[in-house]
Every structure is written in structure tokens, then in C-alpha cells.
Amino acid sequence: MVCSLISYLFKRVAVKIYTCSHCHNPLYFENNICLHCQHPVGFEPASLSMVTLAPDKNNVNGLNDISKSGKAYRYCRNAEYGTCNWLVPVSDPSPFCPACRLNRVIPNVSTEENRKKWRNLEVAKHRLIYSLLRLNLPLAVKGENGDGEAILFDFREETSSGEKVITGHDSGTITINIDEADEVQRVRHKLDLGERYRTLLGHFRHEIGHYYWDVLIRNGDKLDGFRRLFGDEQRDYSEALKTYYNTGATTNWGQQYISPYATSHPWEDWAETWAHYLHMMDTLETAWAFGVRVNPEKIKVDPPIKANIDEDPYDVKDFTRIVKSWFPLCFAVNSLNRSMGYPDFYPFVISDPVVEKLRFIHELVLGKRLRSKV
């Protein structure tokens with residue numbers, strides 16, 4: 001019975017469930033070896049799939065996809081630090097995968113502590129890049145197209161000189177203080193700032209939201225729609241943040257915003273909402289891949305707390321269907337977390353105005369995807 005269920009799950013056409021092509025053992029997104037048959041494996045970004053590999057007899061540095069004759073790869077150069085399992089075609093002149101090409105500054109790798117922090121950063125960043133690839137959003141190395149406005153990552157540490165490293169975004173460059181990769185430090189920041197949720201992946205999703213505001217709103221034709229939902233971004237940003245940190249959010253912030261920090265300025269409202277949009281899409285995709293259903297028979301409410309997550313959210317045009325799956329899934333997983341003594345998986349309440357902000361983002365991204373396919 002259990003074997004039949006596992007077999008069914010892994011036959012589903014899904015990108016968040018991976019198996020070894022040699023022995024069909026399940027794989028995680030971060031695996032670089034199949035723990036069952038010991039074949040090397042890696043993530044192939046062009047097809048968004050895990051590839052099982054074998055040495056290429058004709059190329060000492062190459063690895064062949066065992067399921068596709070003639071497809072030869074090598075690991076991204078950062079694999080030597082254990083920070084990347086993505087593959088690069090042997091014909092590609094770049095030593096780095098599409099995710100690692102975006103790095104401008106990496107931590108000093110001479111210490112094991114920094115190498116560990118960098119690995120944690122890259123795990124989160126690679127999951128971010130996966131989502132951006134699935135959404136078919138523009139993703140280019142800064143300066144590659146001569147426009148000077150694409151993505152770069154700076155992973156910086158604070159030094160004895162006392163220079164403060166602030167996590168943030170500036171014209172496509174995303175800076176992350178590597179202390180955020182330290183669980184103890186991150187929890188301390190979370191408590192100091194009164195946040196209910198703070199993860200590395202959340203940081204990446206928030207900061208990349210600022211970049212896509214520039215790409216999709218500032219440089220597009222949706223500014224009026226943005227201002228109608230999020231407010232006028234022409235408000236003085238520095239003064240707005242200073243006011244927020246001095247006075248905090250109003251007590252009724254949850255009626256209009258996804259988080260207290262979102263109240264500080266329309267740009268931050270956008271970035272917070274964008275991060276939650278990526279949370280929803282990626283989590284629902286995983287739930288779909290596993291065939292998750294939520295159907296508590298004893299709860300009789302209207303609307304019902306039910307969800308049969310039977311479609312890939314990245315293919316869903318109607319955002320209402322995504323929301324109707326998200327609410328029951330969160331209630332179920334929050335309940336599971338509480339059963340284990342953990343905080344809520346998703347400690348947020350999404351009001352109707354926030355749903356409309358999320359819908360705006362979904363339709364904006366969907367329109368961008370459809371136009372890019374023409």
C-alpha cells in the first residue's frame with residue numbers, strides 16, 4: 001500500500017518532486033548525489049529538472065545525462081565549495097550556472113563558519129532563482145545587455161573596522177548581511193524587530209521584489225494601478241522609514257497590509273506582498289506535486305475549509321483559485337506545526353485588500369509571461 005502510494009506520487013508530472021533516473025529514488029532539490037545508487041545528480045536550469053549523471057568517456061571533465069544520449073554537463077564551479085548543485089552544459093563558456101553568475105561578492109571562504117553561511121545563503125538564493133525561472137521573469141547579469149539594471153548579489157560580512165552591512169536593494173544589487181545565515185542571529189533580529197516570520201528565503205524574496213518594482217512598475221504602464229492599491233511611492237522614503245521605526249505600525253494594520261513593515265512605505269508594501277506571492281506560488285506548487293488534499297469532514301463552515309490542489313499554480317490564470325487553495329492548506333499545515341510544538345507555518349491573516357494586491361501582482365506577472373512568449 002505504502003509503496004503503491006509512493007509510486008503514484010513520483011509518477012506525477014511535477015517539478016518539485018524529483019527522482020533518480022537510474023534507480024527512481026526520490027531526490028531533494030539540493031541533492032548532488034543519489035543516496036541509493038550513488039549516481040551523481042544535479043539540477044538542470046534550462047529544463048527545471050534533476051538530471052542523473054555518469055562520467056563522459058569522451059570528456060574527462062564532462063558528465064552525461066544517462067537518460068539523454070549526447071547531453072553532457074559539468075557542475076557549476078561553486079560546487080567545489082558545496083554551495084551549488086546546478087549544471088552547466090559543457091559547451092557553455094561560463095564556469096558558473098545561471099544562479100551563481102549573479103554573484104558579485106561572496107563571503108571570505110577561508111573559514112568554515114563563512115563557508116557554512118554561504119551554503120545557507122545559496123540554498124535560499126537558488127530556490128528564489130527557481131521561482132523566477134518558473135515565472136519567466138527577466139533575469140540577466142548586470143550590464144549584460146548594456147542597460148546597467150539587472151541583478152547582482154553581494155553577500156557581505158561585518159568586519160572589525162565597524163562597517164555596518166545593511167541587507168537591502170539598490171538599483172538591482174541585492175546586499176545580504178551574511179549574519180542572516182546564522183540561525184541564532186536571525187532569531188535575535190526577529191525578536192528585536194517584533195517579527196513573526198523571518199527566513200533567509202523570505203529576505204531574498206522581499207529584496208528581489210524591489211528590483212521587479214523597477215522592472216514591472218516603474219518601467220511599465222501599471223503605475224496608476226499600483227498607486228491605487230499600494231499608495232503613492234513619491235512619499236519621502238527615508239522619512240517614512242524613520243517614522244515607522246519611531247512609532248511602529250498602527251494597531252489595525254492587518255486590515256490593509258500583509259505585515260507591520262508593509263505599512264512603512266508603498267515600496268515596502270509592494271516588496272512584502274511580492275515576497276508572500278512567491279511564498280504562495282512555490283508552496284502550492286510543492287503541495288500540487290505531492291497531490292495534497294485538505295478535507296476535514298468534521299468542520300462544517302461556509303466557505304468550507306477544503307482544497308484539492310490538483311493544478312500547478314504557475315499555470316493558473318484565475319488568482320481566486322489560488323487563494324481558495326492557499327487558505328485551507330495554511331490552516332492544515334499550521335495545525336500540523338502546532339501538533340509538533342512549533343510556531344505556525346504561515347503566521348499571517350490575509351485580508352481582502354491584501355488579496356487584491358496579490359491579485360495585481362499575479363496578473364502583472366502573468367501578463368509579462370504571456371507577452372514574452374509571443
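## Close-up views of a predicted model

Helix 7 and helix 8 are roughly perpendicular to each other. This holds for a predicted model, as do all the legends below.

**View 1. Helix 7 crosses helix 8.** The axes of helix 7 and helix 8 (residues 319-339) come within 10 Å. They cross at roughly 75°. An angle of 65 to 115 degrees counts as roughly perpendicular. Two packed helices are described by the angle between their axes and the distance between the axes. Which residues meet here? From helix 7 come Y277, H279, M280, M281, T283, L284 and A287. From helix 8 come F319, I322, S325, W326 and L329. Sorted by class, this contact has nine nonpolar residues, three polar ones and no charged ones.

**View 2. H279 sits in helix 7.** Helix 7 spans residues 266-289, and H279 is part of this helix. Is H279 buried or exposed? Its relative accessibility is 6%, so H279 counts as buried. The cut-off for buried is under 20%. The side chain of H279 makes a polar contact with the side chain of R205, at 2.8 Å.

View 3. Strands of a sheet pair through backbone hydrogen bonds, either parallel or antiparallel.

**View 4. Strand 9 runs beside strand 11.** How many bridges join strand 9 to strand 11? There are five, and the two strands run parallel. Strand 9 covers residues 152-156, and strand 11 covers residues 173-177. Follow R156 across to strand 11: its bridge partner there is N177.

**View 5. Strand 10 and strand 11 form a hairpin.** These two strands run antiparallel and are joined by three bridges. The bridge partner of D170 in strand 11 is T173. Two residues lie between the strands of the hairpin. In this hairpin, S171 takes a positive phi near 50°.

**View 6. Strand 11 is mostly covered.** Five of its five residues are buried. In a regular strand the side chains alternate between the two faces of the sheet. Look for that pattern here. T173, T175 and N177 point one way from strand 11. I174 and I176 point the other way.

**View 7. H210 is a buried residue of helix 4.** H210 lies in helix 4. Why does H210 count as buried? Its relative accessible area is 11%, and the cut-off is under 20%. The side chain of H210 makes a polar contact with the side chain of H206, at 3.3 Å. Leaving aside neighbours within four places in sequence, H210 is in contact with H169, W267, E268 and A271. Now find W274. H210 and W274 are 64 residues apart in sequence. In space they are 8.8 Å apart, C-alpha to C-alpha.

Technical notes
Residues numbered from 1 in each chain as written. Predicted model: local features only at pLDDT ≥ 70, side-chain atom pairs only at ≥ 80, totals over all residues. Heavy atoms only, no water. Helix = DSSP H or I, 4+ residues; strand = E, 2+ residues; numbered from the N terminus. Buried < 20%, exposed > 50% of the residue type's maximum accessible area, 1.4 Å probe, protein only. Polar contact = N/O pair within 3.5 Å; in protein donor to acceptor, adjacent residues only side chain to side chain. Pairing = 2+ DSSP bridges. Axes fitted to C-alpha atoms, helices over the stretch in contact; angles between N-to-C directions. Parallel < 35°, antiparallel > 145°, perpendicular 65-115°, else oblique. Contact = heavy atoms within 4.5 Å. Nonpolar A, V, L, I, M, F, W, Y, C, P; charged D, E, K, R; others polar.
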